[in-house]
Protein chains: 2
Amino acid sequence: MRLQILGCWAAAPNSKHRTTSQVLEVNGHLLLLDCAEATQITLRQHRIKFTRIHHIFISHLHGDHVLGLVGLIMTFRMLNRAKPLHIYGPKGIKNFVCSQLKSLSAYTDYPLIFKELERNAPEVIFEDNKLKVTTIPLKHRIYANGYLFEEAPKDRKLLLSKVLNYNIDKAYFNSIKKGKDILLDSGVCIKNEELTEDPPPPKRYAFCTDTAYYPPIAEQLKKIGTIDVLYHEATFLNSHEHLCIPTGHSTAQQAGKIAKAAAVKQLILGHYSTRYGHLQAFIDESQIEFENTHLAIDGKVFEW
Amino acid sequence: MRLQILGCWAAAPNSKHRTTSQVLEVNGHLLLLDCAEATQITLRQHRIKFTRIHHIFISHLHGDHVLGLVGLIMTFRMLNRAKPLHIYGPKGIKNFVCSQLKSLSAYTDYPLIFKELERNAPEVIFEDNKLKVTTIPLKHRIYANGYLFEEAPKDRKLLLSKVLNYNIDKAYFNSIKKGKDILLDSGVCIKNEELTEDPPPPKRYAFCTDTAYYPPIAEQLKKIGTIDVLYHEATFLNSHEHLCIPTGHSTAQQAGKIAKAAAVKQLILGHYSTRYGHLQAFIDESQIEFENTHLAIDGKVFEW
């Protein structure tokens, strides 16, 4: 998986910082997560071939996560896009997009397919042979979802020496990789465990913004299995913890708590309030709870 | 007058170019003309104190002229703006803004005052003791207006030696500057022409985008008086003139024709199609008609 942060600040963009957008590459899929104002410009600046984007996941309908969406949709049309564009987001996102297109006498030549979300329990919203995407209900001022991106389970790993030893025909290799046992001509059944070993676990990325401290996030993630990377918002430092409940945001330490409780491998913080000049304190306060904490920075790439 | 080009390209922004926005400074007013995506970022990059903006003039409801408006309105709120913001634009602009604010659970603490335009004849839409703004009907695919920004007429210039010669009391100076005659104690009436001379002519800026070649623009401007600077769109070069009518745009040479017919002092071209690599041909083709042609460039400042 390859994650590039396009913007990771809260509230409003300025000359240095962009608000929330990310691109995630998984097994050939290029996904856009949130779409702040100027995302199409930032995509160009990072030379990302954005005609490869077919799925956009929107966390919630606040301006700093969604104001770049209509511009991007309109630019796709100018680029003569033909392939459908799938947009996942809270109920209301279709109206947000379509009412703007209508006001602007604009339309798309390509299909625009909305999946509007309104459930408060996790649901699988996309699945193919490469990727599965599940919602992660969050706790914000308005309805918001995180998203879990999970590689499709891989085939079992063939133990070639064993297979050759039994003189098994190549034609059976695929079904062995899928976990099937093999009946030899001699009538002997060879158990799959003898011929294969476990595939590497599917890689997983959890994108959680915006949210107050909300332990069910950790409970959901822990149940699923090992999460390689969790992006969790950290709008505030502990000095402003009193602002978390009224605004529906978290501190860096609370993000660390969620990472620890979910037993993820790595935590990335983002969505910093622009009131803070330096970001080191975000690392420091998160590390009280969870050591392997990293900072999102506009343009930064994470690979795992 | 001081004009700064924030963006001057057609269609969609990319890593190098922004679409249409400008700031115009006139006698203490800081005005925003059109508001493309990322305008709030560009304003910050040019260190323009955008809380000084109280009036925004939108030419027409196409994405490349208006997609930055809602982000800017929301950022004004975060900056605790209290003063009203006046937005002038085609009928439909209020719904474009307000439906987005509603979708985003957003509002403003400051008054948002819309002046929706739908007339096809010039009308004065703003006037105070510093500035007058008149619409310039354009010819585009959808309803569009240019805007004429005109300094308020200045007081007549007092000829101090004449005034002192007649021993006129200072208390009368203001009314003399306003053009009044003076009755001396001796009963003699002194005509204003003897005491004053004409003030410098009001400076004028005409902003005309997007529009096909439309001679009534020149007729309107010529009737008003000397226009110091005309910004006229020039989407195409002559090699693509056949695209002008279907798209509602102009060539550089057509922009030059309007400048010549309106007898303006200076022409600025902009709204270039991104199909062209170099801009020199825009100057060359406009200068077939009108010598004093200049190119808009993102960030460039014009003063007169």
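Is D34(B) buried or exposed? I found D34(B) buried, with 27 C-beta neighbours inside 10 Å. My rule for this: buried takes 20 or more other C-beta atoms within 10 Å of the residue's own, exposed takes 12 or fewer, partly exposed is in between, and C-beta atoms are placed from the backbone.

Ground rules, before I go on. This is a predicted model, where local features need pLDDT of at least 70, side-chain atom pairs count only at pLDDT 80 or more, and totals for chains, interfaces and linings use all residues. Residues are numbered from 1 along each chain as its sequence is written, while chains are lettered from A and ligands numbered from 1 in the order in which they are written.

Entry on phi. Most residues other than glycine have a negative phi. D34(B) is not a glycine, yet its phi is positive, about 60°. I located D34(B) in strand β3 (residues 29-35) of chain B. Strands are DSSP runs of E with at least two residues, helices are runs of H or I with at least four, and both are numbered from the N terminus.

A11(B) also has a positive phi, near 75°, and is not glycine either. I found A11(B) in the loop between β1 (2-7) and β2 (21-26) of chain B. A11(B) is partly exposed, because it has 19 other C-beta atoms within 10 Å.

Entry on peptide bonds. Most of them are trans. In chain A, the bond from T209(A) to D210(A) is cis, with omega near -10°. D210(A) lies in the loop between β14 (204-208) and α8 (216-224) of chain A. In chain B, T209(B) and D210(B) are joined by a cis peptide bond, omega about -10°.
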